[in-house]
Amino acid sequence: MTLNRRSFLASTAAASGALMMPAIARAQDAIRIGTVLDVSGIFDAYGTPMDMAQRLAVAEINDAGGLLGRPVELISYDTQSDMALYTQYAQRLVRQDNVDVVHGGVLSASREAIRQTLRRANTLYFYNVQYEGGVCDRNIFINGVTPAQQAEVLVPWAMSRSGPRVYILAADYNYGQITARWLQKYIDDNGGEAVGTDFFPLDVSDFGSTIARIQTVAPDLVIAPLVGGAHLSFFRQWAAAGMNERIPLASTTMGVGNEHKVLTPAEGNGMMVAYNYSQELDTPLNNAFKERWVEAYGSTDAIHEIAVSHYMGIHLWAEGVRRAGSAERMAVTEALEDGLSVDGPSGVMTIDPQTHHAILDVHLMEVRDQKMEVVESLSQRPPVDTQAVCNLIENPDDNTQYEIEF
Amino acid sequence: MAETVLETEGLTMRFGGVVAVDNVSLKLKARELRCLIGPNGAGKSTCFKCLCGLLTPTDGRVFLRGEETTGWEPHQIAALGVGIKMQVSSVMDGLSVHENIWMAARRFNDTQAARRKADEVIERLALGPIARTELGRLAHGERQRVELGIVMAADPWLVLLDEPAAGMTADEVARMGEVIREMTRSAAVVIVEHDMQFIRSLASTVTVFHRGRVLMEDHVDRVMSDPVVRDVYLGKRA
Amino acid sequence: MRGDARRDTAFILIAGVVLIFFMPLLIDTHVLTLLIAYGMLALSLGLIWGFGGVLCFGQAAFFGLGAYTFAVAGINLGESTLPVILAVLVPAVFALALGAMMFYGRLGDVYLAVITLVVTLILFRWINSTAGPEYTIGVARLGGFNGIPGFPILNVPGRPELMIWGETLYYVAAVSLLVVFLLVTWLLRSSFGRIAVGIRENEERVSLLGFDIRARKTILFAIGAAIAGLAGALYATWAEVVTPTLFSLQQSAEIIIWCIVGGLGTRFGPILGAAALAYLKFALGQQAIIDNMFVLGLVLVLFVLFLPRGLAPELARGWHWLAGSRRRPARRRRAPRAEVSDG
Amino acid sequence: MDLAAVILVEVLYAIASLALISAGLAVVFGMMKVINLAHGEFMVLGGYATITAVGLGVNIFIAMLIVAPLVVGLFGLIVERLIFRHLYGRMIDTMLASWGLSLMMIGAFKMIFGNTTTGVSGPIPGFSIGNYQINGYNFFIIIVSVLLLVAMLAVLRGTRAGLVARGAMQRADMASAMGHSPDRIYMLTFAVGSALSGLAGAVLAPLVGLVPTAGAAFIAKAFITVIAGGPSLVAGLASASGFFGLVNQFFSFLVSPVVGDVALLVAAVILLRLLPRGITSRFFRGKL
């Protein structure tokens, strides 16, 4: 094994270049937030606005004088919708960049990919996205809506507007699998029947045979926790077959990636959803937030539910640091466990110390002309699904994701 | 009485509606030299391929040293100790002459013995000066000679050669004849050939193919003077 | 020849040890470990393609199989020694079955490419749709798109509590690559290896010599798969997660590109190609101006057009030129020789 | 009864889209024995050309049926001159270079169009068969691909160019024996093949949406279909698409689309093991 001299010199130069860049860019006494988000690839519709939101949040913190008198520095990696890159970049964040906290992860798959790595590395982790619930780990804080907060109200509402026979179409990974089981539970609880459940890998984009199959069952309602760019085709093909006028559609994910703005009004109208946030919320804090966003990015087009929850997550953490007077992991954790809460564009968000999840508002909404119109608001719902299985006060060393069982 | 090393019984090969080889029965004794001749399409090459396993005959049987080998893979037939050389020179172009011949010897010897065997064959065929040269860089005649070396290195008791003299200079053909005669000291040799001059120089028994059948089988001189054979070669209807 | 072999081995050992201690001065060991896993993966394809003439479009399948075996066995057994062995064996057995099916079916090159590609796709599709709770092996959930996180990483044999990671993992990985490299060297010098090269050069001729090429190709294919499986296990312990993308066509494509760029028919070429391109990709991943797929594609096209024999033979020529010996004439393209003194 | 009709349409659609996806690749492979692994990206390019043209106000049918094939055909012509013409006779190298080209194109799409899903809405309204609703666009795809196969047959049978092409498919040196420069034939074949890929991508774009990496899903299916089809161009395309489309839809309906895909792949492995030279090496011999 020999290397020729020229290639040796070239690789030295390349290597030292790569190592030096972050070193120069790094401020000495800054508090560092590391993030991993899919800013490209098939999940970029989720990740890109989250990236915009985190930059806005960090700018706000720094404009207000930073944290504990120190500036906050954002170190962000694009995981390119590739789950393997998550662990790679998470390890870099903790080993090389020595960050004080890691925020991010879009899909549940990405969260589970790095959760253990961060726990092992003693680095605090925030996952700021709605998800299937059940994660019980003292190293992580989660502020997204869980099935008990979302599906529990969405299912009876949607069924009351359609009928008891429900067909479920879910993305084939942990989020879709677990959410589908929660949906079945809530359908049963409300006297309905899940007449069919299909799972689709995230790259499936041809739903012709599925649409025909659904018609053979003739359900009253279709609930579709579908995820990502490829699955967007379902809503298009559904409308192209004229089904949107025959069978109502509800979803726990539609619109999270601003799908309702990509679809035409004709394709999207009437779909039923339930989230923690809608751009249509007319509160002073939301209006101020949208103004700041427009100032930074020109228009509010990109804002979506999980961009806002990511933004809120960073502010939650920042408040924890302020309260703790330190960016150290345990100090911040204990401060947050004190039932800390912040108020923001999506309303008040309070940390539930038992589960490290959030207590928050949920709104039932209907898509109308590329907007999510709020039909009904339910305030301060606790994550009862996770509370039923997880108690970090009693078992601080718990490290499992509980799944619903029948 | 010498043992029969090669025997076919009613060998028949059909391609769709065409009968390329039609009920051919051959018999070859140990150390016998036999040439298969005939005009283009007479079936001699197809028959040859059936013998060495490249084709599985539609009908009939092949025996080598009394063992039925009908439908065997070429490598199984070669593994019995049968040396085979196809019409188009088939050698390992990226390897040297020594490596080519070593590989042939290696089938029946261990590594060390194979090397000695290769050295010996190279000397016998006077390939010494080009022993380390890659085959891809050799001229056609040299490659043919190396291929004969590959055949010899395995110490076969039966050698099957398809047009060994094709495309060679007169000199090279003469040398080829010597090598083949030398082979018959230890092996029976079957040659498919066009070149009548060359066959005559080998002075062997000849089997004449015509339209897939054996037309006659006799010593080369008698065959050459036979009017029917002459007609076949001149294209007249027999 | 025997002296040659001994000198070659000594040279590999010295150069290997020097590189093992020298490279961490240039590149972070965390990145180096990945480059090593990829290097080993490239070597596995380099062996079966460059020396056996079997172009496999699905080498990633064996890599993924090795990684998944390591993860699944690790979760079930709670330690990593047996999982490493299984990660080598499972892909090898799979390759034996697949190889037997292909080679005994006398499929041509293109068909071989299609079959390996299709089998990789099937594995990818299948593993990608195992998110449901019903897909478990022992106590390990296959996890579908999520992959499997949180399995036990490499540990000192017999001592599950002593985990090997970070810097130590680098040295373990580097030494295993060196050992695999020496084994490949030995294999290529053996009769089996030399006959494999013969098969690459002329399949019909070798079968007419009485060698069963189907069996030999199948075995070589399995050896390549075993090495890829070991690389997969290394990757898994490095990444701490295995995902279906390990089986992807993109991954298979990259392995082929590494071999082409590094140089087919050499042992060192594929490793060099893998390390150089993976590092390039890594470096390109840090910036957003130019897409790294674009660069990889461009590199591949340029190499096929202008440097089809890859880097290694050029480097070797440079080395011989520097060493003042010009006895080595230019080799014919597409017929790289079995022995390489530049390895 | 209605259900049977719906299933029939879905099966026909699956067969038609497979034939459509594979046509460009089949032309290039049949004539030049070159596997163009950038075929999928050529299709995506056709899709982007359509979406861009529609964005510029061009009628969607003109964009799909005229603009996209022209753009991609021209692109094919250029890369053939720049890259592939230097590699004829080196099959594996050609494959690798086309793979490189495919990666470059994906990268270029990402840089130009962004790494997001884009699409246009289908131009044809839904359709009802009895109690069932069906995507009207399926019919459009079926019609396009039937017309395409008929057109290919007509060109091969009835024109001088078709005669030359048939010659070239039989034996590479035939065309030059007929007084045509093989260089020009290859160039034109590649351009025509590329144009067909562009057409396929354009026609499918409204249905499935586009991402820069969408090509990968097409190339594998097209590759399998073409190889399984075997030596005859049109008969091979039709028979292989028919077989795989049927298998795929059967399992899609019975179980799920994923199982349908896997069933297609397994069928391909079994088929190639039994008929290594493709379907038309045994059946429909001598057909075009």
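**Close-up views of a predicted model**

**View 1. Five strands of chain A form an open sheet with parallel pairing, in the order E2-E1-E3-E4-E6.** The model shown in this and the other views is predicted. Strand E2 (72-78) and strand E6 (140-142) of chain A are at the edges; each has a single partner strand, so one side of each is left without a neighbour in the sheet. On average, neighbouring strands are turned by 20° against each other, direction ignored.

**View 2. Strand E4 (residues 124-127) of chain A pairs with E6(A).** The pairing is parallel and runs over 3 bridges. Tyr125(A) has Ile140(A) in E6(A) as its bridge partner.

**View 3. Two helices of chain A lie across strands of the sheet.** Helix H3 (residues 83-95) of chain A lies across strand E1 (31-37), E2 and strand E3 (101-104), at about 175° to E1(A). H4(A) lies across E1, E3, E4 and E6 of chain A and runs at about 165° to E4(A).

**View 4. Domain 1 (28-147 + 281-361 + 381-401) and domain 2 (153-251) make up the division of chain A.** Their centres, taken over C-alpha atoms, are separated by 29 Å. In the contact, 10 residues of domain 1 of chain A meet 11 residues of domain 2 of chain A. On the domain 1 side, helix H4 (residues 108-120) of chain A gives the most, with 3 residues. This side has 7 nonpolar, 1 polar and 2 charged residues.

**View 5. Chain B and chain C are in contact through 19 residues from chain B and 20 residues from chain C.** On the chain B side, helix H2 (74-79) and helix H3 (97-106) of chain B are the elements that give two or more residues. The residues of this side are 10 nonpolar, 5 polar and 4 charged.

Conventions:
Residues are numbered from 1 along each chain as its sequence is written. Chains are lettered from A and ligands numbered from 1 in the order in which they are written. This is a predicted model: local features need pLDDT of at least 70, side-chain atom pairs count only at pLDDT 80 or more; totals for chains, interfaces and linings use all residues. Two residues are in contact if their C-beta atoms, placed from the backbone, lie within 7 Å. Helices (H or I, at least four residues) and strands (E, at least two) are DSSP runs, numbered from the N terminus. Ala, Val, Leu, Ile, Met, Phe, Trp, Tyr, Cys and Pro count as nonpolar, Asp, Glu, Lys and Arg as charged, and the others, Gly among them, as polar. Domain bounds come from an automatic or database domain assignment. Two strands pair if DSSP finds at least two bridges between them. Axes are lines fitted to C-alpha atoms, for helices over the stretch in contact, and angles run from 0 to 180 degrees between N-to-C directions.
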